[in-house]
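Hello,

Below is the structure I said I would pass on. My notes on its rings and surface follow.

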Amino acid sequence: LPEHVVRAVTTSEDAGFFGHAGFDFDELTNALQAGLEQGRVVRGGSTITQQVAKNLWLTRDKVLARKVREALGAIALEATLPKPRILEIYLNLAEWGPGVFGIGPAARHWFGKDARALTVKEAAFLAAVIPNPVRADAVRAQGAPTPYLEQRVQEILLHMAQHGVITDDGLIAALAEPLAFVAAPAAAQVVEPAAGP
């Protein structure tokens, strides 16, 4: 995959991925604090490694025991696999729409192309979809992202530029690029059999 595809995802989901050992305690603290202020879970603080552990071995139950098992799984992954392999597994497990798992199917689902052909802005859009892929899929019928998703894509692009993933000229070009989704397939029509004599 092109570097900008990988970095769009890490920028959005776990900016410190290559520097931590499976846990980002600053992010966990920030997520906990935001949740306490709002009185509910506002956002997750899981790293890509923790998400891989959850997706490989655990259910989606939001209970403390699962979080403990997720942490143990993350430790095991970090101890046995190099970072690029963990990221490869993540990119092939992440959900990007209803029943759309993996970056290859996601690129075809949203943009009708191979993941290796994704533009910088398309990659940033896919990264923006990860937190709520099923809900985001509703915008496909509109043909373009909602203002919220467009803003999230712009934030990801700005972070990518700040971290040297894309140049200033690349940022300007990506911000100007219109996003156009491939049309969702029409629902199959049920044809009733003809009535007999």
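To begin with a charge and a ring: Lys-83 sits over the face of Phe-17, 4.4 Å from the ring centre. Please keep in mind that this is a predicted model.

Aromatic pairs

A pair of aromatic rings is described by how far apart the centres are and by the angle of the planes. The pairing rule gives a count of six aromatic pairs. One of them joins Phe-17 and Phe-18 in an edge-to-face arrangement, with 4.9 Å from centre to centre and 75 degrees between the planes. Phe-17 counts as buried because its relative accessible area is 0%, and the cut-off for buried is under 20%. Phe-18, with a relative accessible area of 48%, is partly exposed.

Another pair is formed by Phe-125 and Phe-181; it is tilted, at 5.0 Å centre to centre and with 40 degrees between the planes. This pair links distant parts of the chain, since the two residues are 56 residues apart. Phe-125 is in helix 7 (residues 120-129), whereas Phe-181 is in the segment after helix 10 (168-176). Phe-125 has 0% relative accessibility and so counts as buried. Phe-181, at 9% relative accessibility, counts as buried too. Both of these residues belong to one aromatic cluster, which is formed by Trp-110, Phe-111, Phe-125 and Phe-181.

Helix 7

How many residues of helix 7 are buried? Ten of its ten residues are, and the helix is described as mostly covered.

Surface patch

Leu-72 is in helix 4, which spans residues 64-80. Is Leu-72 buried or exposed? Leu-72 counts as exposed because its relative accessibility is 54%, and the cut-off for exposed is over 50%.

Regards

Methods: Residues are numbered from 1 along each chain as its sequence is written. This is a predicted model: local features need pLDDT of at least 70, side-chain atom pairs count only at pLDDT 80 or more; totals for chains, interfaces and linings use all residues. Side-chain values use heavy atoms; hydrogens and water are left out. Rings of Phe, Tyr and Trp (its six-membered ring) pair if their centres lie within 6.5 Å; planes under 30 degrees apart count as stacked, over 60 as edge-to-face and the rest as tilted. Buried means under 20% relative accessible area, exposed over 50%, partly exposed in between (1.4 Å probe, protein chains only). Helices (H or I, at least four residues) and strands (E, at least two) are DSSP runs, numbered from the N terminus. A charge sits over a ring if NZ of Lys or CZ of Arg is within 6 Å of the ring centre and within 35 degrees of the ring normal.
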